[in-house]
Amino acid sequence: MPELRKDPVTGRWVIISTDRRKRPNDFQFGRPTIGGRETCPFCPGHEELTPPEVLAYRQNGGAPNSRSWDVRVVPNKFPALQVEGTIDREGDGMFDRMNGIGAHEVIIETPDHDKTFATMSETEIARVLSAYRARVLDLKQDRRLKYIVVFKNFGGAAGATLDHGHSQLIALPIVPEYLKEELDGARRHFEEKERCVFCDILRQEQGAGRRIVQENADIVALSPYAPRFPFETWLLPRRHATRFEEAPEHEFEGLARMIRSVVGRMNRALESPPFNLIVHSAPFIDGVDMYHWHVEIIPRLTRAAGFEWGTGFYINPTSPEEATQVLRAVKL
Ligand SMILES: [Zn+2]
Ligand SMILES: [Zn+2]
Ligand SMILES: [Zn+2]
């Protein structure tokens with residue numbers, strides 16, 4: 001059973017997941033990913049290499065776990081957290097721990113081994129987003145779970161260990177620190193001004209225009225004012241909304257279109273960099289209406305070095321204004 005432990009100084013929870021030690025290449029950072037279609041557990045025809053699916057879209061029908069799927073969601077074979085069991089929050093002297101209850105799933109985005117978010121169609125990406133939503137809506141019924149993060153690591157340097165396009169979902173019994181920071185910030189801004197900080201950012205950036213990468217009817221892609229990483233890009237719905245999974249269909253379509261073109265721009269401008277894509281959405285607790293869901297896309301162009309670890313400061317060598325210009329100049 002994985003375990004959650006709380007650092008008594010910072011209050012940060014850590015997942016101690018010793019099961020994952022089974023993965024032989026976990027500690028060999030930067031090693032190229034292995035295998036092609038023949039050994040790929042995500043390719044059609046290899047369904048028996050993954051745990052049984054929890055969701056699949058089959059446009060043309062077909063039995064569960066058969067090869068006819070368009071998008072397929074399976075539990076992670078090496079889960080960081082597990083669904084069975086009870087939370088059993090307990091103290092150990094001054095320390096706090098709880099069982100690592102949660103879910104860890106893999107969304108296989110396409111049956112095509114080589115397709116990426118830049119080469120998939122908008123409809124195909126929208127289907128992946130619908131799968132994200134369907135899993136979040138299902139898992140959030142479990143009252144033990146407080147937060148679900150959906151993310152994608154593309155490329156070895158971003159942490160992907162398989163080439164075949166996939167995203168991951170982790171459902172947690174706690175709200176992670178990075179989201180608490182955003183929530184606290186949004187709450188502070190709201191208490192002071194009675195406005196959403198993200199709506200304010202949108203208004204100001206749209207007025208100035210210098211950091212707007214692209215806009216469509218539903219979504220605005222921008223370089224944040226103080227990005228931690230070069231070419232960090234946020235995709236925000238224009239309309240204030242707290243939760244990703246409650247977005248109407250047209251926003252999903254707009255988001256799919258925007259993801260496709262932002263990833264396409266990054267690929268052209270930065271030679272198909274590894275990247276992380278993370279959905280930030282409100283946790284399943286009260287008093288979070290001032291939060292505004294969004295997607296963050298971060299190309300992995302630099303490695304966190306000793307300075308970041310030592311000081312807690314990020315050093316970003318590219319200004320967001322310059323990043324915006326570069327991304328905007330790409331002809332799609
Ligand atoms: Zn494959
Ligand atoms: Zn807002
Ligand atoms: Zn965020």
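I began with asparagine 65, which is partly exposed, at a relative accessible area of 32%. For this term I used 20% to 50% relative accessible area, with under 20% as buried and over 50% as exposed (1.4 Å probe, protein chains only).

I noted that the model is predicted, that local features need pLDDT of at least 70 and side-chain atom pairs pLDDT 80 or more, and that totals for chains, interfaces and linings use all residues. Residues are numbered from 1 along each chain as its sequence is written, chains are lettered from A and ligands numbered from 1 in the order in which they are written, and side-chain values use heavy atoms, without hydrogens and water.

**Entry 1: loop residues**

I placed asparagine 65 in the loop between E3 and strand E4 (71-75). Helices (H or I, at least four residues) and strands (E, at least two) are DSSP runs, numbered from the N terminus. The phi of asparagine 65 is near 65°, a positive value in a residue other than glycine.

I then looked up serine 272, in the loop between H4 and E13. Its phi is near 45°, again positive in a residue other than glycine. Serine 272 counts as partly exposed, at 44% relative accessibility.

**Entry 2: zinc ion (ligand 1)**

Which residues coordinate the zinc ion (ligand 1)? I found Cys40 (SG), Cys43 (SG), His113 (ND1) and His164 (ND1), at 2.0 to 2.3 Å. Donors are N, O and S atoms within 2.8 Å of the metal (3.2 Å for Na, K and Ca); water is not among the atoms, so sites may look incomplete.

The angles among the four donor atoms are 103 to 118°, and the site is tetrahedral. Four donors count as such if all angles lie between 85 and 135 degrees. The ideal angle for four tetrahedral donors is 109.5 degrees.

Along the chain the donors of this zinc ion (ligand 1) follow C-x2-C-x69-H-x50-H. Cysteine 43 sits in the loop between strand E2 (13-16) and strand E3 (55-57), and histidine 113 in the loop between strand E7 (103-108) and helix H1 (122-139), so the pair ties together parts 70 residues apart in sequence. I recorded both cysteine 43 and histidine 113 as buried.

**Entry 3: zinc ion (ligand 2)**

The zinc ion (ligand 2) is coordinated by Cys196 (SG), Cys199 (SG), His240 (ND1) and His292 (ND1), at 2.0 to 2.3 Å. I noted a tetrahedral site, with angles of 104 to 113° among its four donor atoms. The spacing of the donors is C-x2-C-x40-H-x51-H.

Is cysteine 196 buried or exposed? At 8% relative accessibility, cysteine 196 counts as buried, whereas histidine 240, at 33%, counts as partly exposed.

**Entry 4: zinc ion (ligand 3)**

For the zinc ion (ligand 3) I listed Glu182 (OE), Glu182 (OE), His280 (ND1), His294 (NE2) and Glu296 (OE), at 2.0 to 2.7 Å. Histidine 280 in strand E13 (residues 275-280) and glutamate 296 in strand E14 (residues 294-299) link distant parts of the chain, 16 residues apart. Both histidine 280 and glutamate 296 are buried.

**Entry 5: helices H4 and H6**

I found helix H4 (residues 249-270) and helix H6 (residues 320-329) packed at about 100°, with axes 8 Å apart. Axes are lines fitted to C-alpha atoms, for helices over the stretch in contact, and angles run from 0 to 180 degrees between N-to-C directions. H4 and H6 are therefore roughly perpendicular, a term for 65 to 115 degrees. The contact (heavy atoms within 4.5 Å) is made by Arg265, Met266 and Ala269 of H4 and Val326, Leu327 and Arg328 of H6.

How values were computed
Four donors count as tetrahedral if all angles lie between 85 and 135 degrees; four count as square planar and six as octahedral if opposite donors are over 155 degrees apart and all others between 65 and 115; anything else is irregular. Angles under 35 degrees count as roughly parallel, over 145 as roughly antiparallel, 65 to 115 as roughly perpendicular and the rest as oblique.
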